[in-house]
Each structure stands twice: as C-alpha cells, then as structure tokens.
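Subject: Structure for your files

Hello,

I am passing on the structure we discussed, with notes on what turned up. Please look it over when you have time.

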Amino acid sequence: MDRIHLIKFIENVVPIPRPRVEEIAAAFQPMTIGKDEYFIKSGKVSHNYLFLEKGFIRAFTFDLEGNEVTTEFYSDNQVVFEVGSFFRQTPSKEDFQALENCSGWYITYDQLQTLFHTIYEFREFGRMILVRGFISFKQRTLSLINETAEQRYETLIQSRPEILQKAPLKFIASYLGITDSSLSRIRRDLTRK
C-alpha cells in the first residue's frame, strides 16, 4: 500500500513541509479490517490510532434496555479511534465494527506519544484532529437537543451522504436518535415534497 492518501490527508489538516509529512507518515503501518470485524471492542483498551483510507466503520454502544445505539460513522479519509480509551488507556465503552472491508494506516499509542514529543508539526496535526472531532461532537449533541428528527435527517443528507449509501436504516435511525419507523416516515414524507 502506498501512503499517498495519508500524506495528502495530513497536509490538508495543517500545513507541514513535505519532508516532515513523509517522516510522520513513515511511522504509520498498514492495517486491514474485514467486514463485520471489530477495530475496537467494548471492554478492551484502544491501542491504535487509524487513518481510514477506504472503508466504513460504525461505533456503537448499548442503552439501558440493551438496544444498540450508533454513536458515529467513519468513512474514507477519516481518523478512527476511541478518544477516551486511547488517551487514558482505559477500557472502551463502545464497539467499532467494520460495515465493509477497510484499509488504512495506524500507529500505536506509544508511537503517537513519541511523534507528539519529537515533531512539533505532528502536535499541531493532532490538536487540529481533536478540535475538529470536538466541534463535530458538540454540533451533533446540540442537534439532538434543538433540532427535529426531520432537520437532523436533512442535515445528514447534506453533510454525510455516504452514511445513507452504506449504513442500514436501523443504524441510521439510532444515530439520529429516532426509531426505525420514524425514519421510514421521514423518508416517505421527504420523497413526497
């Protein structure tokens, strides 16, 4: 596998001179995850930080009644890791499962710490990834509070169309915080407009 997509991703996050980007990218190793396999399993510590070059991963947990609730979707050219488990090195409370065959590049927690402490530009890259993730999380949290289900679905259509193409409707419904039947009704109503 060629690291060119990883190199371009890093360069798009924060401007870094190409020799430094290549040095950072060289620390990442290839990883493949088969469809239905787990990248992170609940109860286990997340040791890997993954740049998902190609594929689709769903993060989920269980509510108090034992129902699966999708917490996030990850697709091509995104970073995948369970932030709390990874940085605190504590067991994850979420599962991360591949919904299709995935390939990408990963580094371990220890390798990431070494890069943070030796390459200033990587610290900036890591900071920007965390800021982007926090903003996305905050927007999603607020949308669950102050938007209707229809508004959340329309936002999803605009901002993350790959989710609608790749994820089963029951996963999309739980991600939006609604039932399968509510999602079906919303989809029907939108097609009539």
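Does Asp95 count as buried or exposed, and at what relative accessibility? The model is a predicted one, and in it Asp95 has 4% relative accessibility and so counts as buried. The side chain of Asp95 forms a salt bridge with that of Lys41, at 3.4 Å from N to O. This pair connects distant parts of the chain, 54 residues apart: Lys41 sits in the loop between β2 (38-40) and β3, and Asp95 in strand β7 (residues 95-98). Lys41, at 40% relative accessibility, counts as partly exposed.

Other salt bridges

The whole structure contains 13 salt bridges. One of them joins the side chains of Arg160 and Glu72, at 3.3 Å from N to O. Here too, distant parts of the chain are linked: Arg160 is in the loop between α6 (149-159) and α7 (161-166), Glu72 is in strand β5 (residues 68-74), and 88 residues separate them. Arg160 and Glu72 are both buried.

Lys166 and Glu100 also pair through their side chains, at 3.2 Å from N to O. Lys166 belongs to helix α7 and Glu100 to the loop between β7 and β8, 66 residues apart. Lys166 is partly exposed, with a relative accessible area of 29%, and Glu100 is partly exposed as well, at 24%.

Nonpolar cores

The largest nonpolar core has 26 residues, of which Ile24, Tyr49, Phe122 and Phe125 touch the most other members. At least two residues of this core come from each of α1 (4-13), α2 (18-26), β3 (48-54), β8 (102-108), α4 (109-118) and α5 (120-146). α1 gives the largest share, five residues. Leaving aside residues up to four places away in sequence, Phe122 touches Ile24, Ile107, Leu112, Leu115 and Phe116. Another core, of 16 residues, lies apart from this one and includes Leu99, Ala149, Phe171 and Leu183.

Helix packing

Helix α8 (residues 169-176) packs on helix α9 (residues 180-192) at an angle of about 95 degrees, and their axes are 8 Å apart. α8 is therefore roughly perpendicular to α9. On the α8 side the contact is made by Leu169, Lys170, Ile172, Ala173 and Leu176, and on the α9 side by Asp180, Leu183 and Arg187. Sorted by class, this contact has five nonpolar residues, three charged and no polar ones.

Regards

Technical notes:
Residues are numbered from 1 along each chain as its sequence is written. This is a predicted model: local features need pLDDT of at least 70, side-chain atom pairs count only at pLDDT 80 or more; totals for chains, interfaces and linings use all residues. Side-chain values use heavy atoms; hydrogens and water are left out. Axes are lines fitted to C-alpha atoms, for helices over the stretch in contact, and angles run from 0 to 180 degrees between N-to-C directions. Helices (H or I, at least four residues) and strands (E, at least two) are DSSP runs, numbered from the N terminus. Angles under 35 degrees count as roughly parallel, over 145 as roughly antiparallel, 65 to 115 as roughly perpendicular and the rest as oblique. Contact means heavy atoms within 4.5 Å. Ala, Val, Leu, Ile, Met, Phe, Trp, Tyr, Cys and Pro count as nonpolar, Asp, Glu, Lys and Arg as charged, and the others, Gly among them, as polar. A nonpolar core is a set of buried Ala, Val, Leu, Ile, Met, Phe, Trp, Tyr and Cys residues joined through side-chain atoms within 4.5 Å. Buried means under 20% relative accessible area, exposed over 50%, partly exposed in between (1.4 Å probe, protein chains only). A salt bridge is a side-chain nitrogen of Lys or Arg within 4 Å of a carboxyl oxygen of Asp or Glu.
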